[in-house]
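Hi,

Here is the structure I said I would pass on.

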Amino acid sequence: MMRWTAPFKRLAQAGVETARTNRLGSRLYTPMIKFRAGSTALGDRSAEELLNQLRSVIGKDSSSSLLQLSNEWFGRADKDRSMQLQAEELSSLMADVGLPLEGKEVQTFFEFFDINKSGSVSYTEFTATLRGEMPQFAASLAFMNQYRGHYPSAMVSSGTDLAIFDKAEAEEWIESLDAVIQHHGPTRTRFMLHELMDEAVRKGVKVSPPITTPMINSIPTSAEPSYPGDLAMERRVSNLVRWNAAVMVSDGNKRAMGVGGHIGTFASICDVWEVGMNHFFRGKAYGGGQGDQIYMQGHASPGAYARAYLEGRLSLERIMNFRQEVGGKGVSSYPHPRLMPDFWENPTVSMGIGPLCAVTQARFFRYLHLRGMADTSASRVWCFIGDGEMDEPESIYAIARAGYERLNNLIMIVNCNYQRLDGPVRGNSKVIQEFEGVFRGAGFDCIKLIWGSEWNKLVDKDPDGRFIEVLERTPDGDCQRYAAKQDGA
């Protein structure tokens, strides 16, 4: 056991003070790496020795997690923002954090990080190397590699064990499927199988449909009917409402500091809201019920005020006092009947309350009708939800409960604008596909509206489905980045 002498103690204390100063200051790490007697000389250390010494550097920073350090270090090293590290960048990073590499150690350590031997180190490889081998997960991860329906990948080889009424006929169908895959590829084959299953369901065949469908509009261009209204007039009204909503929030913040408000939410749902107002929502005088109940997405409330102003139901003075309703001359931040009893019927904020209340309302409508207490046969419930709001436990429970109750008088509309209150919705997945799986898994019929007619024309010119395949493979975060740069780089 090594005895600590006074010089060693002073050296160790200096190292601790240096590390503490760097954590509180510029976050540039200059830890002191101590080599034990008998260790390999500088310039000849193996990759394993270098990694152990690097982990000792990481261990000295108790204030940061390994993931946080991985993010910080990779971002610092990736000076050209290529999302790939070269040998020189890795060497420079190691010198910065207190592990200088000498001679051939640069190439040795770089090749150790380059797991797939591509000549560069990705963020995934960088993090995996720092983290090391992960312990075996206690539960089966087969569900993460599903290949059909709800069956895990372990059932891929069980086809011969399934009941087959006519083995020869089944083999012929399988051969036909193989031919389709060979000549048209897996993407077009998937489209064809979805169409067959949908047709089977329409004809009364009880087959479990997949919980997600290809990432395209559910209604193709060829199936779109003629628009029932004056499209030019409705587009002009929609633009006026969207503009007035944005100005209301912007002007309110100029005249009163700290008012806040949200512009992007209504801007992304405006056209859907206007189509609903013009063609779908039923008022109190509608026959066969008590009218529809609408649970508007809370942060889109400026749009309702802007339309009410155009209709003459709200004065200019009131909408110019956005979020300043205490004196009785303004409008509230969010929908709430106690704050504005002459305007709102249903509260929808805090997030998650809207979906939960909407399900309860739909159940109550049905209860009244089935008990003969009121005619609600034509009354429906419309619930507008944000994609960030979909992570709330109340939202998930509401969807599951509605599916369990088979509430066919409930319509839920998810506004996928990839925005949360404090940043973007998670960008490493496809939230539209994700939410479709949640709704379809609960028993809902889902209609996806992802893009307009111009994009549909592009999809129609993609007979092999490669364009859709690329879109499904591109995470939402990259899609946002491409849209923001607008140059396709």
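This is a predicted model: local features need pLDDT of at least 70, side-chain atom pairs count only at pLDDT 80 or more; totals for chains, interfaces and linings use all residues.

Below is what turned up when I went through it.

The overall picture: the chain has 17 helices and seven strands. Of its 489 residues, 35% count as buried. Its accessible surface comes to about 29500 Å², and carbon and sulfur atoms make up 57% of that. If you take the contacts with a separation of 6 or more, 66% are between residues 24 or more positions apart.

Now the aromatics. There are 17 aromatic pairs in the structure. One of them is Phe109 with Phe113: the ring centres are 4.9 Å apart and the planes sit at 85°, so this pair is edge-to-face. Both residues belong to helix H5 (residues 105-113), where they are four residues apart, about one turn of the helix. Phe109 is buried, at a relative accessible area of 0%, and Phe113 is buried with a value of 0% too. These two rings are also part of a cluster, in which ring pairs link Phe74, Phe109, Phe113, Tyr123 and Phe126.

Tyr305 comes from helix H10 (residues 301-310), while Phe343 is in the loop between helix H11 (316-319) and helix H12 (353-370), so the pair ties together parts that are 38 residues apart in sequence. Tyr305 is buried at 0% relative accessibility. Phe343 has a relative accessible area of 17%, and it counts as buried because the cut-off is under 20%.

There is also a charge over a ring: Arg188 lies over the face of Phe191, 5.2 Å from the ring centre.

Last, have a look at Asn217, in the loop between helix H7 (167-202) and helix H8 (231-255). Is Asn217 buried or exposed? Asn217 is buried, at 6% relative accessibility. Which residues does Asn217 touch, leaving aside those up to four places away in sequence? They are Lys448, Leu449, Ile450, Trp451 and Asn456. Asn217 and Lys448 are 231 residues apart in sequence, yet their C-alpha atoms are 5.2 Å apart in space. The Asn217 side chain also reaches two backbone atoms: the nitrogen of Ile450 at 2.7 Å and the oxygen of Trp451 at 2.8 Å.

Cheers

Conventions:
Residues are numbered from 1 along each chain as its sequence is written. Side-chain values use heavy atoms; hydrogens and water are left out. Rings of Phe, Tyr and Trp (its six-membered ring) pair if their centres lie within 6.5 Å; planes under 30 degrees apart count as stacked, over 60 as edge-to-face and the rest as tilted. Helices (H or I, at least four residues) and strands (E, at least two) are DSSP runs, numbered from the N terminus. Buried means under 20% relative accessible area, exposed over 50%, partly exposed in between (1.4 Å probe, protein chains only). A charge sits over a ring if NZ of Lys or CZ of Arg is within 6 Å of the ring centre and within 35 degrees of the ring normal. Contact means heavy atoms within 4.5 Å. Accessible areas come from the Shrake-Rupley method with a 1.4 Å probe; for residues, only the protein chains shown count as cover. A polar contact is a pair of N or O atoms within 3.5 Å; within protein, one must be able to donate a hydrogen and the other to accept it, and residues adjacent in sequence count only if both atoms are side-chain atoms.
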